[in-house]
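Okay, thanks for coming, everyone.

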Amino acid sequence: MFGIFYTACFCIVIGAGGHNAKGKEMQAEEMAQYRQRVKDMFYHAYNNYLENAFPYDELRPLTCDGQDTWGSFSLTLIDALDTLLVEKQGTFVKAFQTSTGMPYGTVNLMNGVNPTETPVTCTAGIGTFILEFATLSHLTGDPVFEEVARKALDALWNSRSDIGLVGNHIDVETSKWVAQDAGIGAGIDSYFEYLVKGAILLQDEKLMSSFLDYEKVIKNYTKFDDWYVWVQMYKGTVSMPVFQSLDAFWPGLQSLIGDINNAMKTFHNYYQVWKQYGGLPEFYSIPQGSTVDKREGYPLRPELVESAMYLYRATGDPTLLEMGRDVIEAIEKISRVDCGFATVRDLRDHKLDNRMESFFLAETVKYLYLLFDPDNFLHNDGSTFRTVTTPYGECILGAGGYLFNTEAHPIDPAALHCCSQHKEERWEVEGLMQDFRATHYARMGLHAAGASDQTPQYNQKIRATHGGKNTNKRRNNKRIPMLSCPHQHFSWKLAVLGQVFADSS
């Protein structure tokens with residue numbers, strides 16, 4: 001959660017076929033072996049963090065101690081446990097109290113925004129809130145979180161250049177672009193990611209339309225031979241012909257909108273860089289085919305593995321498993337030390353740095369494991385689910401379509417819609433609508449799907465139970481909102497090769 005303030009940079013697409021049954025049987029034993037190796041990697045790193053570094057933010061694996069890097073939140077523990085930590089929610093909102101609605105880049109959870117805080121924030125730091133904040137609004141019934149996230153997105157959208165691009169850093173008080181490089185990597189990446197995932201989670205066509213507009217200009221100005229470079233946001237001229245390791249999330253994002261062919265081509269380019277060094281350097285010069293000076297490091301980032309997982313779910317291409325195997329072998333050989341896994345300081349000679357970033361456990365290891373675990377519940381295609389019965393129908397949970405936020409913490413879209421809290425007036429309307437539907441179906445001699453026992457008499461009994469003896473004065477009685485529940489499997493709405501939105505008929 002804390003990473004959303006300094007985001008580098010993800011909905012599981014329901015598998016669209018491509019899994020050969022015979023091939024799956026042939027690979028089952030080997031895949032199980034690699035799952036176990038990934039699990040061993042996790043516990044080797046996690047146990048050493050607890051033994052040698054907790055409660056510091058990160059483990060220093062070469063000296064077997066810890067250090068604070070993000071404010072002494074025990075960040076590795078939080079990330080590894082997939083804990084969505086929400087402290088002082090109102091304090092978060094204060095960061096958005098600017099003249100534009102775009103938030104400051106850093107907020108103190110105790111005191112709010114520091115008076116000396118710079119107004120210059122990266123694009124990703126502004127546009128990477130809609131998943132978490134919309135979830136907060138749905139679960140708490142307080143719309144302010146989603147509102148501020150949407151206002152920030154609108155402000156970014158309105159700050160585009162005439163050719164449709166956004167830069168890297170902007171002044172949140174004046175909307176003036178301070179860093180005018182446009183691309184898909186560091187400082188921008190998860191803004192695009194959250195447009196797509198926010199569209200899927202919230203069934204929001206506006207968010208998806210915004211991303212598709214961006215995608216067109218990105219292809220037009222920044223794409224060359226399946227590479228993506230950096231350009232000047234107003235002119236479209238190339239400013240940095242480099243590939244950044246953070247760019248490697250892009251093929252996975254392409255898979256979520258169904259652009260599999262282009263995703264695989266770009267992934268192949270990135271994989272070739274990985275094979276050249278046994279990891280992805282932070283910056284790679286495309287014309288020179290080599291690392292960029294002072295950007296030769298490899299902090300065991302997850303983005304390439306993340307894209308491999310998405311693409312394997314969509315295609316079943318065994319090359320993606322081979323890539324995952326190579327990553328496991330390389331990390332074990334190069335980065336494993338007695339107290340964890342160390343960042344590679346320089347990929348040219350594989351010298352190590354005394355740091356293990358929290359995303360290694362939270363993201364890299366998780367995506368590796370999921371790549372080799374096709375039957376994991378997070379890959380559920382909707383064939384299994386569980387229900388929660390409420391007076392308003394059956395609520396479907398765990399039906400698949402999980403979305404990962406940018407720190408790889410999964411969100412169950414069904415839970416978001418099922419467990420939303422509503423104002424009392426909305427329940428009044430929904431109760432009346434249930435009465436109407438039940439009566440309508442009864443007159444037709446039919447039974448409403450998912451409306452077991454939802455007769456007018458049943459609803460009257462429920463209202464009497466929650467509203468006291470005098471049901472006509474229900475608004476004067478305090479009641480706890482019950483679950484708002486879809487009657488159909490939520491998974492039918494989710495993205496399958498680009499078919500993001502449900503038929504409105």
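Let's begin with how helices α5 and α7 sit against each other: they're roughly parallel, where roughly parallel is the label for angles under 35 degrees, with over 145 being roughly antiparallel, 65 to 115 roughly perpendicular and the rest oblique. The axes of α5, residues 130–140, and α7, residues 189–202, come within 9 Å and cross at roughly 25°. Those axes are lines fitted to C-alpha atoms, for helices over the stretch in contact, and the angles run from 0 to 180 degrees between N-to-C directions. On the α5 side, the contact is made by Ile-130, Leu-131, Glu-132, Ala-134, Thr-135 and His-138. From α7 come Tyr-194, Lys-197, Gly-198, Leu-201 and Leu-202. Contact here is heavy atoms within 4.5 Å. As for the element names, helices (H or I, at least four residues) and strands (E, at least two) are DSSP runs, numbered from the N terminus.

Quick housekeeping. This is a predicted model, with local features needing pLDDT of at least 70 and side-chain atom pairs counting only at pLDDT 80 or more, while totals for chains, interfaces and linings use all residues. Residues are numbered from 1 along each chain as its sequence is written, and side-chain values use heavy atoms, with hydrogens and water left out.

Next up, Asp-247, in the loop between β11 (242–244) and α9 (250–256). Which side chain of opposite charge is nearest to Asp-247? That's Arg-301, and it is 10.0 Å away. So we have a buried Asp-247 with no salt bridge. Buried means under 20% relative accessible area, exposed is over 50%, and partly exposed is in between, using a 1.4 Å probe and protein chains only. For charge, Lys and Arg count as positive and Asp and Glu as negative, with His and the chain ends not counted. A salt bridge needs a side-chain nitrogen of Lys or Arg within 4 Å of a carboxyl oxygen of Asp or Glu. What the Asp-247 side chain does reach is the backbone nitrogen of Gly-185, at 3.3 Å. Leaving out residues up to four places away in sequence, Asp-247 touches Ile-184, Gly-185, Tyr-228, Val-242 and Tyr-270.

On to the salt bridges that do form. How many does the structure hold? There are 18. I'll show a few.

Arg-60 and Asp-65 pair through their side chains at 2.8 Å, N to O. Arg-60 is partly exposed at 27% relative accessible area, and Asp-65 is also partly exposed, at 24%.

Then there's Glu-215 with Lys-219, at 3.6 Å, N to O. These two are four residues apart in helix α8 (residues 205–222), so about one helical turn separates them. Glu-215 is buried, with a relative accessible area of 10%, whereas Lys-219 is partly exposed at 30%.

Asp-353 bridges to Arg-345, with the closest N and O atoms 3.5 Å apart. Asp-353 comes out as partly exposed, its relative accessible area being 30%.

As a reminder, most residues other than glycine have a negative phi, and most peptide bonds are trans. Phe-54 and Pro-55 are joined by a cis peptide bond, with omega about 10°. Pro-55 is in the loop between α1 (21–52) and β1 (58–60).

Where does phi turn positive? Ser-175, not a glycine, has a phi of about 65°. Its loop runs between β4 (169–171) and β5 (177–179), and Ser-175 is partly exposed at 28% relative accessibility. Asp-225 also has a positive phi, near 50°. Asp-225 is in the loop between β7 (223–224) and β8 (227–228), and is exposed, with 68% relative accessible area.

Leu-109, at 9% relative accessible area, is buried in the loop between α3 (89–94) and β3 (120–122). Leu-109 and Thr-91 are 18 residues apart in sequence, but 6.1 Å apart in space, C-alpha to C-alpha.

Gln-232 sits in strand β9, residues 230–232, and at 18% relative accessibility counts as buried. Setting aside neighbours within four places in sequence, Gln-232 is in contact with Leu-165, Gln-180, Thr-237 and Ser-239.

Note on methods. A polar contact is a pair of N or O atoms within 3.5 Å; within protein, one must be able to donate a hydrogen and the other to accept it, and residues adjacent in sequence count only if both atoms are side-chain atoms.
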